[in-house]
Amino acid sequence: MPTYKLSYFDIRGLGEVARQLLHLSGNPFEDDRIQMEDWERRKKDTPFGQLPVLEVDGMPLATSLAINRFLAKKFREHPLFFDAVNV
């Protein structure tokens, strides 16, 4: 099973949809919530100098739309998502 690490600020925003998809899927993931005072130090380690970043088995995936699309496709067979779409 792949390992997931989602890095985003400790706020609701562009990373929130990915957080919800990961929680609803029931897959364990590391929720790396970055504090504003730590952002300048960590910015250089992110693709494009932006957040959110999803790491799947250590491989980074950047930009919220790409992350959300990846997770939606990955978990589309999950019963919770399947039932919600087919109501």
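Begin by selecting the buried residues of H3, which pack against strand E1 (4-9), helix H1 (16-25), strand E3 (53-56) and strand E4 (59-62). This is a predicted model, in which local features need pLDDT of at least 70 and side-chain atom pairs count only at pLDDT 80 or more, while totals for chains, interfaces and linings use all residues. Residues are numbered from 1 along each chain as its sequence is written, and side-chain values use heavy atoms, with hydrogens and water left out.

Some terms: buried means under 20% relative accessible area, exposed over 50%, and partly exposed in between (1.4 Å probe, protein chains only). Contact means heavy atoms within 4.5 Å. Helices (H or I, at least four residues) and strands (E, at least two) are DSSP runs, numbered from the N terminus.

**Helix H3.** Select residues 64-74; the buried ones are Ser64, Ile67, Asn68 and Leu71. They lie on the same side of H3, because they cover an arc of only 95° around the axis (taken from the directions from the helix axis to the C-beta atoms). Now turn to the other side of H3, where Leu65 and Arg69 are exposed.

**The sheet.** Show the strands: four of them form an open sheet in the order E2-E1-E3-E4, with mixed pairing (two strands pair if DSSP finds at least two bridges between them). Strand E2 (29-34) and E4 are the edge strands, each pairing on one side only.

Next select E1. Five of its six residues are buried, so E1 is largely enclosed by the rest of the structure. E1 and E2 run parallel and are joined by six bridges; Lys5 stands opposite Glu30 in E2. E1 and E3 pair in the antiparallel sense over four bridges, and Tyr4 stands opposite Val56 in E3. Move on to E3 and E4, an antiparallel pair with four bridges. Here Leu54 has Leu61 in E4 as its bridge partner.

**The cores.** A nonpolar core is a set of buried Ala, Val, Leu, Ile, Met, Phe, Trp, Tyr and Cys residues joined through side-chain atoms within 4.5 Å. For the largest one, select its eleven residues: Tyr4, Leu6, Ala18, Leu21, Leu22, Phe29, Leu54, Val56, Ile67, Leu71 and Phe75. E1, H1, E3 and H3 each supply at least two residues of this core, and H1 gives the largest share, three residues. Finish at a second, separate core of six residues, among them Tyr8, Ile34, Leu51 and Val53.
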